[in-house]
Amino acid sequence: MKPYEILEKFSNAAGISGHEGEIRRLFVSSLEGCGQFQTDRLGSTTCIHGSDGPRVMLAAHMDEIGFLVQQITPNGLLKVVAMGGWWTHTLPSQGVVILTRAGQKIPGVIGSTPPHHLQGAQKNSLMAIEDLSIDVGADSYQQVVQQLGIHLGDPVVPDVTFRFLHNPNRVMGKAFDNRAGLAALVSATQQLVQDGHPNTLFATATVQEETGLRGAKTAAQAFRPDCAIILEGPPADDVANLSSASQGRLGGGVQIRLYDPTAITNPRLAQLAEETAFEAQIPCQLTVRRSGGTDAGVLHTSGMGVPCIVLGIPVRYIHSHRGILDLADLNAAIALCHKLVQRLDQTTVSSLTQYL
């Protein structure tokens, strides 16, 4: 299966933090035959290949941002709590799907107030999540619960289908943060199993990243990696209203993250990644981020410390219903991950933390 086909499959599936079951099943089926699978008690899932050399982890989180049903009103509207970071300006009039306990997918829309009913400052104010309601076409609480089978705590995800844009390298869909990173992890792992590598490889799909990096913490405790590569779908910079120089341009290649407020990249590992990209002629972009964070935030401080690096596929408009990415960047991330893992033998990994 080609990388964009894996991305499409993951993007169209539903899985917010704590409810990653559909994504987990796709992850396991995509890597069937590539190793042995283990899960921790939060649900992070790892495919293990090899038994010699340093313990190298590839990590990508499964979960997407979404909502949980928090209240059902007497007239049949749903109130929700956010799971992950939303900017509410992006939400009114957007389609959603509620996933019921019975496995049904119920469509709905986030209600919006017509401008005719807005007064003065209301037109320019930012609504709070608690002021939003989801309309599933019901007339009463009883209809929502008894006929549609919706209950408190049911997950809600954007109702978006993956599609190609006019530019054949550009695709649009939901949850590219982080289904892009997950697709890159799966493709790179498939290639590494086929081509070989000098380490014990842990291909880990983590849970609950969007709500506090929780799955990466338990996965690190379970597998004690010596080195980790985190694959992500970070925000692209080449969009309107961003005046700073872009470090995440679509089509510019895989991002090699040197810093964000949650993790400082091991300098030797960063240099190795840059050298590997240069020698293999893989397009890349170096990034130093003022905000944000990834699973590296907890992985790099686990145990006695773990050298970590984040490889990103830049995505426009993350943490909204629709993102856009360039498949050339996805392929570059897969290529760099593949080449970098092949260089992470025992001598190289040990050298990353030789401080005396």
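Predicted model: local features only at pLDDT ≥ 70, side-chain atom pairs only at ≥ 80, totals over all residues.
I shall begin with the strands. Strand β4, residues 66-72, runs antiparallel to strand β5, residues 77-83, and six bridges join the two. Within this pairing, Phe67 stands opposite Ala82 of β5. The two strands form a hairpin, with four residues between them. Gly76 lies in that turn and has a positive phi of about 90°. Strand β5 also pairs with strand β8, residues 134-135, again in the antiparallel sense, over two bridges. Here Leu78 is the residue that stands opposite Ile134 of β8.

I turn now to helix α1, residues 3-12. Its buried residues are Ile6, Leu7, Phe10 and Ser11. Why do they lie on the same side of α1? They do so because they cover an arc of only 130° around the axis. In general, an α-helix has 3.6 residues a turn, so residues three or four places apart point the same way. As for what covers the buried residues of α1, the elements include α2 (21-30), β11 (170-173), α4 (176-195), β18 (323-326) and α8 (327-343).

Leaving aside residues up to four places away in sequence, Leu325 touches Leu7, Asn169, Arg170, Val171, Phe176, Ala180, Leu250, Ile313, Pro314 and Val315.

Key
Residues numbered from 1 in each chain as written. Heavy atoms only, no water. Pairing = 2+ DSSP bridges. Buried < 20%, exposed > 50% of the residue type's maximum accessible area, 1.4 Å probe, protein only. Arc of directions from axis to C-beta. Contact = heavy atoms within 4.5 Å.
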